[in-house]
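Student: I would like to learn how to read the packing and the cross-links of a protein from its model. Could we go through them feature by feature?

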Amino acid sequence: MESLKMLLRMAAICGAVLGLSACGDDGSTSASFEDSGNVSFDSSSSVGSADTADDVGKTDNSSSSKGSSSSQKSGSENVEKMPSSSSVEVPANWDWSVPAGNRLNPEIEYDEMSDSRDDHTYKTVQIGDQVWMSQNLNYNYKAEGAAEGSICFSENEDYCAAGGRLYSWAMAKEACPQGWHLPSRQEYQALIEFADSTAEFKNQNFYYSDKVSKFLKTLSGWSTSDGENYSGKDTYGFSALPTGSCSKKENGKNKGSEFECIGEGQGSAYWTSTESDGSHAYLMSVYYEAKSGITFSSKSTFASVRCLKD
C-alpha cells in the first residue's frame, strides 16, 4: 500500500488533498499557491521564507508563547513524548486515540464554553479582538429531514474525540451553537494577519502566509510517518490539529466506506461562511510544511469547523 505521505502528495496533484479542487496540467508539485488556483506541495521543496526554513516546517518547539521549556526533536516518532494541558504525556505523532484536549498548549490560559445542545465543553481563547474555539466542533449535526449529517474521519466514531466532526459547507453554516458562528473569509483573514503581518494575496482566491502555520499548529501531532517533526508553536492557543478532510467517493467506488478521507497527521481544513461561486466555498487550510492560508473547495467536501464568538 502506498504510504500516507505519498498518498497525500498525489492527492495534492489531483486536487483531492484537504478538499482542494484544482490541479496543474503538468502534475508538478511545489510549496506554492499557483496563479491558476492550484495549491500543491512537495515534501522535499523549500517552504518559503520565515525566520528560517525550520521555523515554517520542522521545529524543535523549544519555546512557546509563554516560554514553555518543553522540547521535541526532529526525527522522533512515538518514542519522545510531549506534555499536554492535562499533564498527561502524548505522542509526538498523530494518534486518533489521544483526546483533543491533551493537545492543547499548557502555557495558554484558555477559557471554556459549554454547548447546551449536547453539554459538550470546548476550550476557547482570545486572539486579537476575536474569541475562537480552540477545539474542532464535535456537534453531531443533521438537518431536519436530511439523509445525512456530519461524520467522523473515515466514518470511525472513535476518531471524533480527537478531531471533532467533519461537515459539508451547508452543514457547517448551521452547526455552531447559539452565540457563536461559522467565521467568514474576512474573519479568518484577520486571524492570519494578526499572526503574520506579512501575509498576502496571491490572487483573488488565495490569501496565504509562509509563517502562520507554525503559530497555529499544536505542539505535537504533526510528526510524519518517517519521523520528521512539523509540529508548531501554538503561539496564541488556536491549537490546529492535522485532522484531514473527506469527500464522497465517485459512483462505482463505494466499496465499504462511502467517503474517501485523506490528510490525517499532515493537514487540516476549516470551513468559512463565504462562497467562492455556486459550487465552491472558501476554507482555511493549514499544512504540515507548506504555505497555509485561505483557499477554496467544493461545498460537498467534509471539513472541520472552528466557531467564532458573536
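**Reading rings, cores and disulfides**

Tutor: At 5% relative accessibility, Tyr230 counts as buried, where buried means under 20% relative accessible area, exposed over 50% and partly exposed in between, with a 1.4 Å probe and protein chains only. This is a predicted model, in which local features need pLDDT of at least 70 and side-chain atom pairs count only at pLDDT 80 or more, while totals for chains, interfaces and linings use all residues. Residues are numbered from 1 along each chain as its sequence is written, and side-chain values use heavy atoms, with hydrogens and water left out.

Student: How many aromatic pairs does a search of the whole structure find?

Tutor: Rings of Phe, Tyr and Trp (its six-membered ring) pair if their centres lie within 6.5 Å, and planes under 30 degrees apart count as stacked, over 60 as edge-to-face and the rest as tilted. The search of the whole structure finds eleven such pairs. One of them is the edge-to-face pair of Tyr230 and Tyr288, with 5.1 Å centre to centre and 90° between the planes. This pair links distant parts of the chain, 58 residues apart, with Tyr230 in the loop between α6 (212-216) and β11 (243-248) and Tyr288 in the loop between β14 (280-287) and β15 (292-298); helices (H or I, at least four residues) and strands (E, at least two) are DSSP runs, numbered from the N terminus. Tyr288 is buried as well, its relative accessible area being 0%.

Student: Which residues are buried in helix α5, and on which side do they lie?

Tutor: An α-helix has 3.6 residues a turn, so residues three or four places apart point the same way. In α5 (residues 185-195), the buried residues are Arg185, Tyr188, Gln189, Leu191, Ile192 and Ala195. They lie on the same side of α5 because they cover an arc of only 155° around the axis, the arc being that of the directions from the helix axis to the C-beta atoms.

Student: Which residues have the most contacts inside the largest nonpolar core?

Tutor: A nonpolar core is a set of buried Ala, Val, Leu, Ile, Met, Phe, Trp, Tyr and Cys residues joined through side-chain atoms within 4.5 Å. The largest one has 32 residues, and those with the most contacts inside it are Leu137, Tyr167, Cys246, Trp271 and Val305. The elements that give two or more residues to this core are α4 (169-175), β12 (259-264), β13 and β14, and its largest share, four residues, comes from α4. Apart from it lies another core, of 28 residues, among them Tyr110, Trp222, Tyr230 and Ile294.

Student: How many disulfides does the structure hold, and is the one between Cys246 and Cys261 left-handed or right-handed?

Tutor: A disulfide is a covalent bond between the sulfur atoms of two cysteines, taken here as a pair of cysteine sulfur atoms within 2.5 Å. The structure holds three. Cys246 is joined to Cys261 with S to S 2.0 Å, and the torsion about their S-S bond is about 110°, so this disulfide is right-handed. The link of Cys176 and Cys307, by contrast, is left-handed, with -95° about the S-S bond. Both Cys176 and Cys307 are buried.

Student: How does the pairing run along the sequence?

Tutor: With the bonded cysteines of the protein numbered in sequence order, the pairing is 1-2, 3-6, 4-5.
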